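Subject: Structure handover

Hello,

Here is the structure for you to look over. My notes follow below it.

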Amino acid sequence: MLETCAADPVSRALYPPTVPSPERPLMLRRALFEYLRNPLRVLSRPVYEEPMVVFEPAKGRLVVWVTRPDLVEQVLVGGPDTFQKTEVERRVLGGSLGDGVLTSVGPHWRWQRRTMAPLFRHQEILAYVPEMSIAADGLVSEWRRGGAAVRAVDADMIDVTFDVIARTMLAGGVPAEAELIKREGTIFLANSSWELAWALMKFPMWLPHPATFARKRAARRLRGAVGNIVARRRAEGESGNDLLGRLLASRNPENGAPMGDEDVISNVLTLLEAGHETTARALTWALYLMARAPDWQEQVRAEVLSVAGNGRIEAAHVPRLALTDRVMKEAMRLYPPAPVIVRMATTEMKIGDATIRPHTQIVIPIYAIHRHRKLWEDPDRFDPDRFLPEREKALPRTQYMPFGAGPRICLGMSFAQVEAVVLFATFVRAARFDWDGHHEPEPVSRVTLRPKGGMPLRVEPIS
Ligand code: HEM
């Protein structure tokens with residue numbers, strides 16, 4: 001497989017930062033240390049080179065990393081009852097997201113997913129585009145008021161994607177609690193690695209770690225804030241057709257009971273959280289890549305101007321913004337916003353040649369699959385042409401999978417894809433993004449993929 005490491009500055013810019021990978025799987029203590037710095041640092045070289053890696057860092061603690069597309073398919077798409085979401089995920093996210101659609105399993109999950117699915121139908125998503133454009137224009141106006149400046153683009157993207165999710169999912173628009181929800185959501189996830197490490201070590205939940213207090217406080221504030229939003233809607237007495245309305249009107253098919261307040265809060269919070277931070281990360285990395293690759297940036301700008309002129313981006317423009325879409329896809333290949341999926345084997349079974357015992361953690365490292373040496377040519381190079389239609393068609397569906405696969409595939413996938421294109425097109429048309437030539441942020445997994453040290457970029461509005 002071709003591996004290139006370019007020496008000249010222009011080509012070097014096309015090789016954006018990666019996560020350092022150890023030569024071999026790490027033994028327990030070292031793995032724990034690296035895990036707390038960045039969980040992706042435990043992905044050793046073989047994970048990027050082999051179809052699957054089975055490793056026992058300590059007696060009885062087996063970890064399996066699966067990367068070959070047909071094996072990934074077996075885990076995620078094959079028997080939904082054979083491989084389930086794990087207790088780890090529930091433990092890490094459950095404090096704030098409760099037993100909502102992202103963290104539950106079995107009939108409780110199925111009911112919730114069915115209740116929310118209509119919000120993500122094609123027609124609904126197209127109807128959300130004007131709100132997406134309004135939110136994007138709001139940020140552009142702020143940039144124009146400030147003039148050319150170095151901005152924390154990561155924070156800007158969190159603000160704008162939260163604005164979109166609140167405007168589209170909550171009929172009342174952006175609630176008074178928005179700032180608190182954004183702030184506490186970020187704190188909750190920033191402290192996730194301790195909980196993850198504790199869970200993987202099978203330490204009991206009552207055993208505190210340095211982030212226990214911060215996480216509990218953030219979760220309490222988040223649930224309290226969303227509880228206020230739910231209580232206000234109940235007091236208004238009408239349900240409405242938005243997310244909250246649907247949840248309040250839904251009935252459990254098994255017993256006809258309405259959804260309890262705790263589950264309503266869990267699901268509103270799930271969509272607010274799952275629905276903004278991931279897309280914010282995708283946009284942040286995409287703008288960084290544009291700043292490193294000004295030629296691509298010019299091409300995207302030219303496409304947006306030719307498709308939409310200087311007017312607001314509309315639903316009809318989205319399918320015509322093909323190059324813009326390819327750039328977003330390549331950004332999510334190099335920097336998948338949700339970089340790892342974990343499942344647990346419920347029964348003894350085989351993956352490839354390996355026999356997997358019940359309760360074994362199966363890790364699907366999307367980040368490593370997207371940069372796998374045997375699957376991609378020159379995998380660390382930024383090259384949106386990988387997603388030209390005929391080349392994209394040839395990719396197995398579990399080789400490029402920023403949204404996961406199978407029955408638990410991202411509920412908001414189409415929403416996120418449309419939103420990313422609308423926002424990205426609006427931003428690249430409205431401003432130039434410059435890289436200082438030095439900032440090489442390590443991608444760090446805190447459930448979502450964050451740039452270490454944030455993402456300061458020079459943003460120069462185009463008049
Ligand atoms: C670029 C943006 C996004 C990415 C990369 C992303 C990625 C993912 C991935 C990988 C999963 C599967 C997790 C697993 O199998 O364990 C997932 C699940 C989910 N996502 Fe997204 N997501 C994005 C945006 C959104 C948006 C905008 C929403 C809602 C508005 C959303 C809502 C959800 C929900 C509810 C689930 C759980 C589905 C279930 O378990 O049935 N996501 N997402």
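A word on terms before the findings: helices and strands here are DSSP runs, helices of at least four residues and strands of at least two, numbered from the N terminus. By that naming, isoleucine 462 lies in the segment after S12. Please keep in mind that this is a predicted model.

**Overall**

The protein chain holds 19 helices and twelve strands. Its radius of gyration is 22 Å, close to the 23 Å that the globule rule gives for 463 residues, so the chain is as compact as a globular protein of that length. Along the principal axes, the C-alpha atoms fill a box of roughly 65 × 60 × 40 Å. Of the 463 residues, 45% are buried. Take the contacts with a separation of 6 or more: 75% of them come from residues 24 or more positions apart.

**Around the ligand**

The ligand is surrounded by 23 residues. The closest are Gly275, Thr278, Gly404, Cys410 and Gly412. By class, the shell has 15 nonpolar, six polar and two charged residues.

**The three-stranded sheet**

This sheet is open, and its order is S4-S12-S9. The pairing is antiparallel. S4 (149-152) and S9 (431-434) are the edge strands, each pairing on one side only. On average, neighbouring strands are turned by 40 degrees against each other, direction ignored.

S4 pairs with S12 (residues 456-461) over four bridges. Alanine 152 stands opposite proline 456 there, and valine 150 stands opposite arginine 458. Helix H8 (residues 153-169) packs on the sheet and touches S4 and S12. The direction of H8 makes about 60 degrees with that of S4.

On the other pairing, four bridges join S9 to S12. Aspartate 434 has arginine 458 as its bridge partner in S12.

Back to isoleucine 462: is this residue buried or exposed? Isoleucine 462 has 12, so it counts as exposed. Isoleucine 462 still has contacts. Leaving out residues up to four places away in sequence, it touches Ala430, Ala431 and Arg432. The C-alpha atoms of isoleucine 462 and alanine 148 are 9.2 Å apart, although 314 residues separate the two along the chain.

**The five-stranded sheet**

The order here is S1-S2-S8-S5-S3, again in an open sheet, and the pairing is mixed. S1 (52-58) and S3 (83-84) stand at the edges with a single partner strand each, so one side of each is left without a neighbour in the sheet.

S1 and S2 (residues 61-66) run antiparallel and pair over five bridges. Alanine 58 stands opposite arginine 61 in S2. Helix H4 (residues 69-76) packs on this sheet. H4 touches S1, S2, S3, S5 (341-345) and S8 (361-364). Its direction makes about 125 degrees with that of S8.

**Helix H5**

Which residues of H5 (residues 87-97) are buried? They are Glu89, Val92, Leu93, Gly95, Ser96 and Leu97. Their cover includes H9 (178-190), H10 (192-200), H11 (212-236), H13 and S5. Glycine 98 follows H5 and has a positive phi, near 55 degrees.

**Two backbone points to check by eye**

Histidine 359 is not a glycine, yet it has a positive phi of about 75 degrees. Histidine 359 lies in the loop between S7 (354-356) and S8. With 13 other C-beta atoms within 10 Å, histidine 359 is partly exposed.

Valine 447 has a positive phi too, near 70 degrees. Valine 447 lies in the loop between S10 (443-446) and S11 (448-451). Valine 447 is buried, with 23 other C-beta atoms within 10 Å.

Best regards

Technical notes
Residues numbered from 1 in each chain as written. Predicted model: local features only at pLDDT ≥ 70, side-chain atom pairs only at ≥ 80, totals over all residues. Rg over C-alpha atoms; globule rule 2.2 N^0.38 Å. Buried ≥ 20, exposed ≤ 12 C-beta atoms within 10 Å, placed from the backbone. Contact = placed C-beta atoms within 7 Å. Near = placed C-beta within 6 Å. Nonpolar A, V, L, I, M, F, W, Y, C, P; charged D, E, K, R; others polar. Pairing = 2+ DSSP bridges. Axes fitted to C-alpha atoms, helices over the stretch in contact; angles between N-to-C directions.
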